[in-house]
Amino acid sequence: MTDATDLMRMYLADPDQPFPPVELADPSGLVAFGGDLSPRRLLNAYAAGIFPWYYPGEMIQWYCPDPRSILVPTDLRVTKSYRRSVAGADYGVTMDRAFADVMSACAEPRDEESGTWIGSDMVAAYLRLHQLGHAHSVEVWRDGDLVGGLYGVACGRSFAGESMFSRARDTSKIALYWLCAQLAAWDFPLIDCQITSSHLNSLGAIDLPRADYLRLHTQAAARPGLPGPWQFEIRVPNSPHHLPA
């Protein structure tokens, strides 16, 4: 049970108040609550391996779970059917071309869910991070329509994946494939998947003890980053027929 002393330690009352040590997180990984979603606060959080996760109407909650799910870009598991989807010629793919649209699509409730954790305050905060060159998106297009994508936050050479969406078969996986290919080319050693899931595990994500994740993340985050907007430097499908006008 969390007592009053723990709650006081976890509450971020001051804009400049540092996060508590992640080793003091509760069993769910909750490190702190309160504070704001200012760029400074968010960047400090990601540098420390902490991310916000809460539903609209709730107080902001900050997490660093143990274990932590990561995907090594070169270890993406590509099945035969996945490879066929990637090899198809009926899509185009871009980076940082429609960040706001990708976030809006990720915020749409899934069929099996009653709501979304990506509220209007989160959208505004991450759009600001994108404008500052820290948050990035991958877009998949078909006949000029946005049919899949993902977004996340870069901290040095560590990338934290936040959410993805599909409006057509395998399009989020197509976005992930090309993100992994580009991050590997840029020598990013890991994608932080945050919370484990069977879907991510099927794609090659693994769970690490929090201490091991933080060691890898801290080393990668300390390396020089690549400010946005990002563009693919590898060859990707980008037929003008499939991209928006």
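Student: Where is the place of Gly 225 in relation to α8?

Tutor: Keep in mind that this is a predicted model; in it, Gly 225 lies in the segment after α8.

Student: Why does Gly 225 count as partly exposed?

Tutor: The term covers relative accessibility between the buried limit, under 20%, and the exposed limit, over 50%. Gly 225 has a relative accessibility of 38%, so it counts as partly exposed.

Student: Which residues does Gly 225 touch, not counting residues up to four places away in sequence?

Tutor: With those residues left out, Gly 225 touches Gly 156 and Arg 157, where a contact requires heavy atoms within 4.5 Å.

Student: What makes the span of α8 close to the expected one?

Tutor: Helix α8 runs over residues 210–221, which are twelve residues, and the distance from its first C-alpha to its last is 16 Å. At 1.5 Å a residue the expected value is 16 Å, and the span of α8 is close to that.

Student: Which residues of α8 are buried, and how do you know that they line one face of the helix?

Tutor: Arg 210, Tyr 213, Leu 214, His 217, Ala 220 and Ala 221 are the buried residues of α8. Seen down the axis of α8, these buried residues fall within an arc of 135°, so they line one face of the helix. As a general point, an α-helix has 3.6 residues a turn, so residues three or four places apart point the same way.

Student: What do the buried residues of α8 pack against?

Tutor: They pack against α2, β5, β8, β9, β10 and β11.

Student: Why is a space in this structure called a cavity rather than a pocket?

Tutor: A cavity is a set of points where a 1.4 Å probe fits but cannot get out, whereas a pocket is an open set. The structure holds one cavity of 30 Å³ or more, and the largest cavity, with a volume of about 60 Å³, passes that limit. Tyr 213 and His 217 are among the residues that line the largest cavity, and both also belong to the buried residues of α8.

Student: Which element gives the most to the lining of the largest cavity, and which classes do the lining residues fall into?

Tutor: The most comes from β9, with three residues, and the lining divides into seven nonpolar, three polar and two charged residues.

Terms used: Residues are numbered from 1 along each chain as its sequence is written. This is a predicted model: local features need pLDDT of at least 70, side-chain atom pairs count only at pLDDT 80 or more; totals for chains, interfaces and linings use all residues. Side-chain values use heavy atoms; hydrogens and water are left out. Helices (H or I, at least four residues) and strands (E, at least two) are DSSP runs, numbered from the N terminus. The expected span of a helix is 1.5 Å times one less than its number of residues. Buried means under 20% relative accessible area, exposed over 50%, partly exposed in between (1.4 Å probe, protein chains only). The arc is that of the directions from the helix axis to the C-beta atoms. On a 1 Å grid over the protein atoms alone, a cavity is a set of points where a 1.4 Å probe fits but cannot get out, and a pocket is an open set with protein on both sides within 12 Å along at least five of seven lines; lining residues have an atom within 4 Å of a point. Grid points are joined across faces, edges and corners, and a volume is the space filled by probe spheres set on the points. Ala, Val, Leu, Ile, Met, Phe, Trp, Tyr, Cys and Pro count as nonpolar, Asp, Glu, Lys and Arg as charged, and the others, Gly among them, as polar.
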